[in-house]
Amino acid sequence: MSIDITRLGGRIGAEISGVDLRTSVDDVTAKEIHDALVEHKVLVFRGQHLDDEQHQRFASIFGPLTLAHPTVPSVEGQANVLEVAGAEGARANAWHTDVTFVVAPPKATTLRSLVIPPYGGDTLFSNTAAAYADLPEHLRVLADRLWAEHSNEYDYAEHPQFRSAEVEEYHKVFVSTRYRTAHPVVRVNPDSGLPNLFIGNFVTGIIGLSRTESRDILRLLQHYVTRPENTLRHKWQVGDIVVWDNRTTQHYAADDYGDLARKLHRVTVAGDVPVGTDGTKSRILEGDEATHYTPRVQ
């Protein structure tokens with residue numbers, strides 16, 4: 001039986017129905033879902049209510065799984081599952097692509113909701129291929145030639161005086177092994193062939209440019225990523241599972257629910273080494289290949 005696909009936005013997002021992810025997905029349906037992900041960038045499955053084992057089985061239709069995170073511990077007894085339940089000050093309320101500080105970032109991210117506040121806590125997504133296509137020709141030519149440094153230090157150091165003890169401890173774990181990687185600012189998605197802006201909040205600067213020049217260029221490019229036309233806002237319900245193509249999206253978790261409880265579980269799918277428009281691959285600047293975290297995809 002074919003799945004039902006309902007588009008959610010003009011440029012990004014679709015809701016998938018007609019499939020029960022609590023059971024094994026057959027090969028034909030798995031290919032339909034994979035193809036829908038490449039096309040729509042973000043897929044929403046409502047009311048699935050999976051457990052950790054079912055979640056991992058579903059995520060594996062997109063490829064081999066990574067461990068939970070390169071530095072942050074997993075859910076106890078589930079090496080591939082990361083709990084997402086940050087306190088105020090430790091939430092991912094900045095536009096980013098997951099784990100781009102390693103040389104082979106995840107291909108896809110799956111996130112399922114366990115506890116959702118009565119208001120707030122939405123997740124926003126953006127289509128970075130559409131953002132690249134929106135660039136004027138002169139900016140595309142510039143972006144094609146730029147490389148950026150990504151690091152797991154990112155913005156934690158900006159306002160250390162405001163970090164709580166809990167956030168300070170999380171920061172120490174997050175950067176317990178330091179990773180710095182050079183990625184092309186424009187990456188080509190190997191499945192769709194589409195170029196996209198591969199930047200986000202783990203970027204510390206443009207290689208070869210000053211901090212001021214880097215900041216201004218990144219702000220200009222990021223403006224296209226977050227244009228409303230290129231975004232989707234997902235309002236969570238308990239039991240949802242959402243998957244996004246981590247190679248062609250950014251996302252942002254809205255921190256607008258105070259001290260209310262919000263808990264989700266994340267499973268990521270191993271990805272390949274990014275390739276720029278000229279065929280050059282990303283390279284390590286500091287750290288290792290993070291093979292403890294992700295199997296290398298050819």
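Strands, like helices, are DSSP runs numbered from the N terminus, and a strand has at least two residues. By that rule, histidine 150 belongs to strand 7, which covers residues 147–151. The structure described here is a predicted model.

**The largest nonpolar core**

- The largest nonpolar core has 24 residues, and those that touch the most other members are Leu21, Leu43, Phe45 and Val243.
- At least two residues of this core come from each of the following elements: strand 2 (14–17), helix 1 (27–40), strand 3 (42–45), helix 2 (52–59), strand 13 (241–245) and strand 15 (263–269).
- Helix 1 provides the largest share, with 4 residues.
- Leucine 43 touches Ala14, Ile16, Ile33, Ala36, Leu37, Ile241, Val242 and Val243, when residues up to four places away in sequence are not counted.
- Another core, of 18 residues, lies apart from the largest one; Ala131, Leu139, Val185 and Val186 are among its members.

**Histidine 150**

- Histidine 150 has 0% relative accessibility; because buried means under 20%, this residue counts as buried.
- Neighbours within four places in sequence aside, histidine 150 is in contact with Thr100, Phe101, Tyr179, Arg180, Thr181, His183, Phe198, Ile199, Phe202 and Val203.
- With one of these residues, threonine 100, histidine 150 makes a polar contact from side chain to side chain, at 2.8 Å.
- Histidine 150 and glycine 205 are 55 residues apart along the chain, yet 7.6 Å separates their C-alpha atoms.

**Histidine 40**

- Histidine 40 is located in helix 1.
- The relative accessibility of histidine 40 is 7%, so this residue also falls under the 20% limit and counts as buried.

**Helix 6**

- Helix 6 consists of 15 residues, 211–225.
- From its first C-alpha to its last, helix 6 reaches 21 Å, which is close to the 21 Å expected at 1.5 Å a residue.
- Which residues of helix 6 are buried? They are Ser214, Ile217, Leu218, Leu221, Gln222, Tyr224 and Val225.

Key:
Residues numbered from 1 in each chain as written. Predicted model: local features only at pLDDT ≥ 70, side-chain atom pairs only at ≥ 80, totals over all residues. Heavy atoms only, no water. Core = buried A, V, L, I, M, F, W, Y, C linked by side-chain atoms within 4.5 Å. Buried < 20%, exposed > 50% of the residue type's maximum accessible area, 1.4 Å probe, protein only. Contact = heavy atoms within 4.5 Å. Polar contact = N/O pair within 3.5 Å; in protein donor to acceptor, adjacent residues only side chain to side chain. Expected span 1.5 Å × (residues − 1).
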